[in-house]
Each structure stands twice: as C-alpha cells, then as structure tokens.
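Biologist: Hello! Could you walk me through a structure that is new to me?

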Amino acid sequence: MNLSQLMRQNVIQVDVVEYAPSERIVDENGAPMVWKLRPLTTDELTNIAEKYESDRKRVTQESVLASLVEPSRADFENGELQDSWGAYSPVDLLNKMLLPGELVRLDAKIQSISGFDDEYITKMANKIKKK
C-alpha cells in the first residue's frame with residue numbers, strides 16, 4: 001500500500017454543492033433559488049449530536065444551519081429576515097421558511113454530501129417524519 005494515496009492533497013474533496021430546497025422560494029427570474037451547502041465534518045456532526053442528543057429534530061435543524069454557505073447561518077440570524085417570517089431564532093426561521101418535506105430533503109442532501117449512504121438517509125428521514 002502506498003500511503004501517499006491517503007495524503008490530504010491526493011484525496012478527492014467534496015466541494016460546496018448547489019441545491020434548491022424549495023420550488024416556492026424563487027430567484028429574481030422565477031426559478032427555484034439555489035442554496036450552497038457544504039459537507040459537515042465528523043467533529044461538527046458529533047458536537048451537534050451531543051449537544052442535542054435527546055432532540056433528533058433539533059439535531060437536523062442545527063445540522064442544516066451548520067451546512068449552509070449561501071444563504072448562511074448568519075443570514076438566518078438577520079433580524080429583518082426573521083421579522084418578515086415572524087420568527088425569533090435561526091431554527092424558528094428555518095422551520096417557518098421550509099415545509100417539513102423540504103427540510104427533510106434538504107437534510108438528506110446534506111447527509112449525502114457528508115458521506116452517509118442512502119439507507120441511512122432514508123432511515124433518518126423516516127424517524128424525523130414520525131416525530
């Protein structure tokens with residue numbers, strides 16, 4: 001085995017991906033607005049899971065917010081944007097902005113780019129739907 005294949009510079013990195021989480025949120029041309037997402041690291045996901053271990057729904061919400069590049073979590077903290085939705089926090093804004101199925105699909109996309117397989121994603125989506 002050649003250890004150089006394991007060197008960071010030789011491993012394919014997952015870049016930021018584009019995804020439109022909702023057909024209802026459109027850009028200036030009327031097309032679904034594309035959001036930019038990044039994969040979560042093991043440490044990020046572990047920290048979120050440990051912090052909210054008894055609340056799977058909150059783990060999903062915080063994971064989505066952590067993955068956002070554009071719009072970013074900071075955008076979800078924007079008071080004017082929160083006020084327009086009657087929201088009081090980034091999590092509340094996320095819940096009001098996206099329909100439940102849209103949030104589940106967005107989370108599934110983030111899990112996928114973070115390396116989880118389809119079986120895991122389906123299992124987690126089903127768990128969230130039951131809550």
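Here are a few questions and answers about its core and its helices.

Modeller: This is a predicted model, so local features need pLDDT of at least 70 and side-chain atom pairs pLDDT 80 or more, while totals for chains, interfaces and linings use all residues. Residues are numbered from 1 along each chain, and side-chain values use heavy atoms, without hydrogens or water.

Biologist: How many residues does the largest nonpolar core have?

Modeller: A nonpolar core is a set of buried Ala, Val, Leu, Ile, Met, Phe, Trp, Tyr and Cys residues joined through side-chain atoms within 4.5 Å, where buried means under 20% relative accessible area (1.4 Å probe, protein chains only). Among the residues with the most contacts inside the largest one are W35 and F76. The size of this core is 20 residues.

Biologist: How are the rings of W35 and F76 arranged?

Modeller: Rings of Phe, Tyr and Trp (its six-membered ring) pair if their centres lie within 6.5 Å, and planes under 30 degrees apart count as stacked, over 60 as edge-to-face and the rest as tilted. For W35 and F76, the centres are 6.0 Å apart and the planes 70 degrees. The arrangement is therefore edge-to-face.

Biologist: Which hand does the crossing of α1 and α2 have?

Modeller: Helices here are DSSP runs (H or I, at least four residues), numbered from the N terminus. The axes of α1 (residues 42–51) and α2 (residues 56–67) come within 9 Å. A crossing is left-handed if the near helix is turned anticlockwise from the far one by less than a right angle, and right-handed if clockwise. Here α1 passes α2 in a crossing that is right-handed.

Key
Axes are lines fitted to C-alpha atoms, for helices over the stretch in contact, and angles run from 0 to 180 degrees between N-to-C directions. Helices (H or I, at least four residues) and strands (E, at least two) are DSSP runs, numbered from the N terminus. Buried means under 20% relative accessible area, exposed over 50%, partly exposed in between (1.4 Å probe, protein chains only).
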